[in-house]
Amino acid sequence: MLDKLQSIYERYNEINEQLSDMAVISDQEKYKKLMKENKQLTPIVEKYLEYKKVVDSNAEAKELLDSQLDPDFKEIVEAEYLETKELIAKYEEEIKILLLPKDPNDDKNVIVEIRGGAGGEEAALFAHSLYRMYSMYAEAKGYKCEILSLNETELGGIKEISFSIEGEGAYSRLKFESGVHRVQRVPETESSGRIHTSTVTVAVLPEVDEVEVDINPADLIIETHRSSGAGGQHVNKTESAIRIIHVPTNTIVDCQDERSQYKNKERAMKILRSKIYESMESERNAQIASERKSQVGTGDRSERIRTYNFPQGRVTDHRIGLTLYKILAVMDGDLDELIDALITSDQAEKLKSGEAE
């Protein structure tokens, strides 16, 4: 580990030298690439320098303890020796986590798709609640949230919605939300007060650009149709809605939220690229996922990942066995405690499987 850290430190210094070179500064592409690498290495280097400082202090304290010391001074040195010893162990664990292979998608924006599942109108209403939850979380994080495609019900529920969330590290924070979300509550339409169980599926896709996914225009079937919908969604009299079918993968994307045919096509292509990319990534990661016990990070949508129980006021994430009794706060976008716990669990699994070595 120390050899790896020293190598990273040397690379970090090399990058900083290059970043002050006028030839590099004038080459925008190279400059941006180096700045990105610098940003990725900075937290590791900072922790490594702290670690080295503590290791040196510990060695000095140990050397002093091996010599003849005044009893009062010896007590101070012993305290420093024990404190630095604890810090060394702490920093070593933190460094191991920092050295874990970085998910190349972590810094990307995301496209979130929410669909009502089992439960009819109640599922559609909960799909709307989840959209509200994620949009409030995005707002709290300073992310930008934009609807790409929306299909509403007459009662204000959502059959399906696609929306983008743009912001630094958006995918790293939201990638574990993919899966089946279950809700247990008394629907507003239920007169007898019985608790209903409904499900909603959530998919979180990293947003990708044209360079990362090459789509042959000859593989596409592009159809236009009139927008349709309820609950305040405009019904367009012109054929501005776009449906794109990617023939090789039979991936279908429908976008009708904009009045402009051009904008709908642009948004549909954005979603299509992300779906095809996710399919490619899923194949690549299938073996890794199968070797890990935890479902965290696999994005397996067939699994029920979380239950929102309104009568008991609790939210339970089944992958890590975490239950929080603050359902109203969670539904208002207070997701950090859940997300942090999922990230910690994922890191623990990776450390256990030796991915940092």
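I'll start with the surface. The protein has an accessible surface of about 19600 Å², and carbon and sulfur atoms make up 49% of that. Please keep in mind that this is a predicted model.

Now the overall build. There are 9 helices and 11 strands in the protein. Of its 357 residues, 42% count as buried. As for contacts, take those in the protein with a separation of 6 or more: 62% of them are between residues 24 or more positions apart.

Next, the cysteines. How many disulfides does a search of the whole structure find? The search finds 0.

Where is Thr251 placed? Thr251 belongs to strand β8, which covers residues 251–255. Is Thr251 buried or exposed? The relative accessible area of Thr251 is 15%. The cut-off for buried is under 20%, and therefore Thr251 counts as buried.

What does Thr251 touch? Apart from neighbours within four places in sequence, Thr251 is in contact with Ile244, Ile245, His246, Leu272, Lys275 and Ile276. There is also a link to a sequence neighbour: the side chains of Thr251 and Thr249 are joined by a polar contact of 2.7 Å.

That is the end of my part.

How values were computed: Residues are numbered from 1 along each chain as its sequence is written. This is a predicted model: local features need pLDDT of at least 70, side-chain atom pairs count only at pLDDT 80 or more; totals for chains, interfaces and linings use all residues. Side-chain values use heavy atoms; hydrogens and water are left out. Helices (H or I, at least four residues) and strands (E, at least two) are DSSP runs, numbered from the N terminus. Buried means under 20% relative accessible area, exposed over 50%, partly exposed in between (1.4 Å probe, protein chains only). Contact means heavy atoms within 4.5 Å. Accessible areas come from the Shrake-Rupley method with a 1.4 Å probe; for residues, only the protein chains shown count as cover. A disulfide is a pair of cysteine sulfur atoms within 2.5 Å. A polar contact is a pair of N or O atoms within 3.5 Å; within protein, one must be able to donate a hydrogen and the other to accept it, and residues adjacent in sequence count only if both atoms are side-chain atoms.
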